[in-house]
Amino acid sequence: MHKRGISMAIVTAIVLAACGGGGEADQAGPITKVGDGEGTVVIVAWAGYIEDGTTDPAYDWVTGFEESTGCQVEVKTAGTSDEMVALMTESKDFDLVTASGDASLRLIAGGTVQEVNTDLIPSWNTVDSRLQEAPWHFVDGKHYGTPYQWGANVLMYNTDVFGTDAPTSWNVVFEETTLPDGASNAGRVQAYDGPIYVADAALYLKTARPDLGITDPYQLNEEQYQASLELLRAQRKLVGRYWHDAFVQIEDFTNEGVAASSSWPFQVNILAFDGQPIASTIPVEGATGWADTTMMHKDAPHPNCAYKWLDWSLNPALQGDLAAWFGSVPSVPSACDGNDLLGADGCKTNGIENFDQISFWKTPTEDCNGTGTDCVPYRRWVTDYLAVIGGR
Amino acid sequence: MSVAVEFNQVSKAFGTVKAADSVNLIIEDGEFFSMLGPSGSGKTTCLRLVAGFETPDSGHILLHGVDVSSLPPHARDVNTVFQDYALFPHMSVAENVEYGLKVKGVAPAERRTKVADALALVHLDSHAERRPSQLSGGQRQRVALARALINEPSVLLLDEPLGALDLKLRQTMQTELKNIQRQVGITFIFVTHDQEEALTMSDRIAVFNNGQIEQIGTPSEIYESPRNLFVAEFVGTSNVFDSGLAEQLLGSRDRFTVRPEKIRLGVAGECTVTGTITDLVYLGMYTRYRIDVQGIQLTVAEQNTESRLAMSSHAVGDEVQASWSKESCRLLA
Amino acid sequence: MPFREFSLIRRLSTYFYTRRRLRLALLLALPVGWLVVVYGGSLGSLLLNSFFRIDSFSGTIDRTPTLETWRQVFTDANMAVAGRTIGMATAVTIASVLIGFPLAYRIARFTSGRAKTALVLAVLIPLWSSYLVRVYAWKLLLASEGVAAWFFNVFGASSVLGWILSLPLIGGPSLSTSSLGQFLVFTYIWLPYMVLPMQAAVERLPESLLEASADLGASPATTFRRITWPLILPGVAAGSIFTFSLTLGDYIIPTIIGNSSPFIGLAIYSQQGVAGNLPLAAALAIIPVVVMGLYLTGARKLGAFEAL
């Protein structure tokens, strides 16, 4: 009698659990007028993106917003794009998310974010013209968010190893070579452990193996994809550890004798500030990069406050302060001038001139982001890259 | 008679407590030797010193003339029956019994016969495949005995093995042990705090107190001729007469004792006193009286023979004479 | 009046006093209910999901039952992940027994009172500090310019370290990026969970049994082999459940120490979180469940559950 009862309970639980999940697409369009604020706005963001002065009083771009609009800002920090996608998909508590390019398309395709009416954002036209219709947030003629910050995955290297000449090619991390200090690079390089890194390999091959005909490192046919994997398998033998956490990488460059790796300006700044012999460069092949867009949930509970924030996020003072803090580049070019924290050369240091050399992250889809039919989808990137890291 | 075990000025202390204090002892081959004493008297320590579980701080222990003081237990030709039996719970009775042989590398066939013999000796033949947890206390004790004897040690040590058994079983086991010892002919060293047990089973007894041996002797020597007050009072009951009465009765000031059964009531004798009966208990074989003699308590035990029963009928409160022969007086050291 | 007037609570208490089964059922209702619905339901849902597959084109989950996802699990890459994880769990368990046993034995047999309390505390104190803090501390200790390397240098044995790091399976560019380093950290982290059950088992071993064995002619080694070891095996099995399962499921240490080769936890996280491939993640998650099921069956046979 007892056993039957328990089995019944388990079956019921299974059925209930399996039936859950799956959202429906919302076909309604964006709002046409921004009304009064609802009193709160909830944002999912990278750590460091939304500062209210508690970490460092000089870096505060939230208090001003709260005072002028009456919308209190609540932040939910996430560590990875995947966390952000999960949070936005599984909950209706969040209004906005600062999504990187490898998350944004997933959110759009999954119907989790809504189209944004740019007429309601007065500062829209101050956005860098190169970003206004970028493919990772502009789909089918619709805007799905406002650009926030962008940056490149630079080649960070140890100046003691490389001397005065910066490395000119990504080959120092992809192929076995002898570095200027006389020793091999085996065991002294790192690579990003996110599957999106396959694009970095493809980007390198775009120059190193023109016969493959790679144009967009995120849209790879089978042959191009396999070649990239081969390169990565060779790289596995050189890599000591794949990096995932910025601070772990900083430690590795300090204590493990790592000579070169792809990285973010954030780490470069911190290491240089600590007095470590570190510099960065963008090699001749170019670099992958990330451009974050603030997107709005399709069922945002506070749409008016959300629109107010979208506009506020383009405010040059905020953009400049954030760029200085994070080491990124503002999406509003005018923010580069007249910002004390950023300084006169801040934007240059952070790489504003590298825009054309950067292939920004976007999620590889089977339909080649709408332009074809036989690209390898991200799902396979995950499985195969995981296998590569595992030595297979 | 050769010497099985010899203690030569052996001392052992645990912290500040002297468990054995310059003990000298000789135990003969083939005898049933008991170490008797209250708890903490050092008897168990001395047993463990023979077994090898403790090493003496000073002095020597010799087994058949060989100094074994620094030998570990597994190298000595001595086996022990423990107070808690120490049967291996994860082995059957047969496996327990054959353990000593197995460890020495004896062949399986030979082991099987020896185990059968050992179990037959202790009357447990049918229990070979049982686990210790399935046996009663008495059965476990016999398994422990078989496990020890199978190794044919030159000396068998028994550490209060009958303590956990009920009275009837204990008495049966006492006789059985004594018979087995005679049958096998091995030296038994038996530790107990029960003086009656010691008297029943032993060829000789050593009485321990505070780490020292008070007296060694045969049971009758110990009982009939206790050397000092401790032995007199520990073994059996004693009536102690100190200097005052001693002088009165014997003419000298030396203390002496008289055993209760040596005293007779209602008649005069070589030593006579008068007193009042304060207690009277009928104990089947004998009747025990407590008599108050000038403030001293006298214990008298009179055997309940037909003649005595017919003769006297004392009651509590009666004034009565008590007497005994001079011979029954034992001077104490 | 022969009976006192009882309050409601007393009457309830009396009611339940005689109805033991009812009392037990009510007491267990909440935890068992939680166990069945939340835990059992989640596992069941996981199992169910592993029989779905992800649609190649749209990226959504196709809910028609199929074995295709399971076929993916048995590929070389995924089997390597499982093998790596199980191998590490086994190695860590064995090492924990080897290191933990002398410690547990010493604490149980040869210390008492204050000294014993101090030693047990010393074993337990690491558990009071944050897991992450300890792992990061080890990362620093094992770095190629860290304390461990410095130690080798001081004794002029840096070539020995170099040789160790050049060994095929366990080596790497530095201790911190090698499987050996990972193994050391795992063993350190889970050691208290092995020491305590073993210590309890040794303490339950009566001294007289060991004396009896010696008395019957067994050398200390034989006594250990025939008496001590079989009797403390349940305690060892109980401790090994902890070290094995904790290593099997850990996905944090491999991301901080080691050469990034994925363990089962990381593989599941990647498939579920990064790729949205829930069926494959579910299928991979079933692997540790099955492995632990087998392990626990074995441990139960050895008496681990009584020892716990």
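**Chains, domains and one glycine in a predicted model**

Residues are numbered from 1 along each chain as its sequence is written, chains are lettered from A and ligands numbered from 1 in the order in which they are written, and side-chain values use heavy atoms, with hydrogens and water left out.

Q: Which chains share the most contacts?
A: Two pairs of chains are in contact.

Q: What is the radius of gyration of chain C?
A: The radius is taken over C-alpha atoms, and the globule rule is 2.2 Å times the number of residues to the power 0.38. For a compact globule of 308 residues the value would be near 19 Å. The C-alpha atoms of chain C fill a box of roughly 95 × 70 × 40 Å along the principal axes. The radius of gyration of chain C is 25 Å.

Q: How many helices and strands are there in chain C?
A: Helices (H or I, at least four residues) and strands (E, at least two) are DSSP runs, numbered from the N terminus. In chain C there are 15 helices and two strands.

Q: How far apart are the C-alpha centres of domain 1 and domain 2 of chain A?
A: By an automatic or database domain assignment, domain 1 of chain A covers 36-151 + 290-360 and domain 2 covers 154-263 + 365-389. Their contact takes five residues from domain 1 of chain A and six residues from domain 2 of chain A. The distance between the C-alpha centres is 28 Å.

Q: Is A:Gly53 buried or exposed?
A: A:Gly53 sits in the loop between strand E1 (40-46) and helix H2 (63-69) of chain A. Buried means under 20% relative accessible area, exposed over 50%, and partly exposed in between (1.4 Å probe, protein chains only). Because its relative accessible area is 17%, A:Gly53 is buried.

Q: Which residues is A:Gly53 in contact with, leaving aside its neighbours within four places in sequence?
A: A:Ile31 is 22 residues from A:Gly53 in sequence and 32 Å away in space, C-alpha to C-alpha. With neighbours within four places set aside, the residues in contact with A:Gly53 are A:Tyr59 and A:Asp60.

How values were computed:
Predicted model: local features only at pLDDT ≥ 70, side-chain atom pairs only at ≥ 80, totals over all residues. Contact = heavy atoms within 4.5 Å.
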